[in-house]
Amino acid sequence: MQNSIQSKRFVIRKSLIGQNSIIEVTFKSGKTFKYNHDKVYELMKDNLSKLNCWEKYKSYTSSTSIPKVVQNVEVI
């Protein structure tokens, strides 16, 4: 089952891993980006494990842009 989520920020959450969620983010600038949470997690997991926010809050967010590692990759 695929879960669809609308957001105002790019987000990767431990609680969404394995749920095959499709997230569509609309930034304040008006730009939108649609991605499969699990595919992006797989690309980012090595870097996420090094971040304090990942351990403390069990998530990574960005309210201004998407991470460079996923900018030129098909993530749907």
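Let's start with S62. Is S62 buried or exposed? S62 is buried, because its relative accessibility is 12%, and the cut-off for buried is under 20%. Keep in mind that this is a predicted model. S62 sits in strand 5, which covers residues 59-62.

What does S62 touch? Leaving aside residues up to four places away in sequence, S62 touches R9, F10 and F27. The side chain of S62 also has a polar atom 2.9 Å from the backbone oxygen of S65.

Next, I66. I66 lies in the segment after strand 5. I66 is also buried, because its relative accessibility is 13%. Which residues does I66 touch? They are F10, F27, F33 and Q71, again not counting residues up to four places away in sequence. Look at F10 for a moment. F10 is among the contacts of S62, and F10 is among the contacts of I66. Now take the backbone. I66 and F10 are 56 residues apart along the chain, and their C-alpha atoms are separated by 6.2 Å.

Let's move to the strands. Strand 4 is residues 32-36, and strand 3 pairs with strand 4 in the antiparallel sense. How many bridges does that pairing have? It has five.

Is K28 buried or exposed? K28 is exposed, because its relative accessible area is 86%, and the cut-off for exposed is over 50%. K28 and S7 are 21 residues apart along the chain, with their C-alpha atoms separated by 11 Å.

What about residues that have a positive phi and are not glycine? N20 is not a glycine, yet N20 has a positive phi of about 55 degrees. Find N20 in the loop between strand 2 and strand 3. N20 is partly exposed, with a relative accessible area of 31%. K58 is not a glycine either, and K58 has a positive phi of about 60 degrees. K58 is in the loop between helix 2 and strand 5. K58 counts as partly exposed, because its relative accessible area is 47%.

Now the charges. Side chains of opposite charge can pair when their charged atoms come close. How many salt bridges are there here? The count comes to two.

Take E55 and K14. Their side chains meet in a salt bridge, at 4.0 Å from N to O. Where are the partners? E55 lies in helix 2, residues 52-57, and K14 lies in the loop between strand 2 (10-13) and strand 3 (22-26), so the pair ties together parts that are 41 residues apart in sequence. E55 is partly exposed, at 47% relative accessible area. K14 is partly exposed, at 32%.

Turn to K45 and E42. Their side chains meet in a salt bridge as well, at 3.0 Å from N to O. Both K45 and E42 lie in helix 1, three residues apart, about one turn of the helix. K45 is partly exposed, with a relative accessible area of 32%. E42 is partly exposed, with 47%.

Stay on helix 1 for the last stop. Helix 1 is residues 37-48, and L43 is found in helix 1. L43 counts as partly exposed, because its relative accessibility is 37%. What do L43, V69 and V73 form? They form a nonpolar patch on the surface. Together, L43, V69 and V73 have about 200 Å² of accessible area.

A quick recap. S62 is buried, and I66 is buried. Strand 3 and strand 4 pair in the antiparallel sense. The salt bridges are E55 with K14 and K45 with E42. And L43, V69 and V73 make the nonpolar surface patch. Thanks.

Methods:
Residues are numbered from 1 along each chain as its sequence is written. This is a predicted model: local features need pLDDT of at least 70, side-chain atom pairs count only at pLDDT 80 or more; totals for chains, interfaces and linings use all residues. Side-chain values use heavy atoms; hydrogens and water are left out. Patches are made of residues with over 30% relative accessible area and no salt bridge: like charges are joined within 9 Å, nonpolar side chains (Val, Leu, Ile, Met, Phe, Trp, Tyr) within 5 Å. Accessible areas come from the Shrake-Rupley method with a 1.4 Å probe; for residues, only the protein chains shown count as cover. Helices (H or I, at least four residues) and strands (E, at least two) are DSSP runs, numbered from the N terminus. Buried means under 20% relative accessible area, exposed over 50%, partly exposed in between (1.4 Å probe, protein chains only). A polar contact is a pair of N or O atoms within 3.5 Å; within protein, one must be able to donate a hydrogen and the other to accept it, and residues adjacent in sequence count only if both atoms are side-chain atoms. Contact means heavy atoms within 4.5 Å. Two strands pair if DSSP finds at least two bridges between them.
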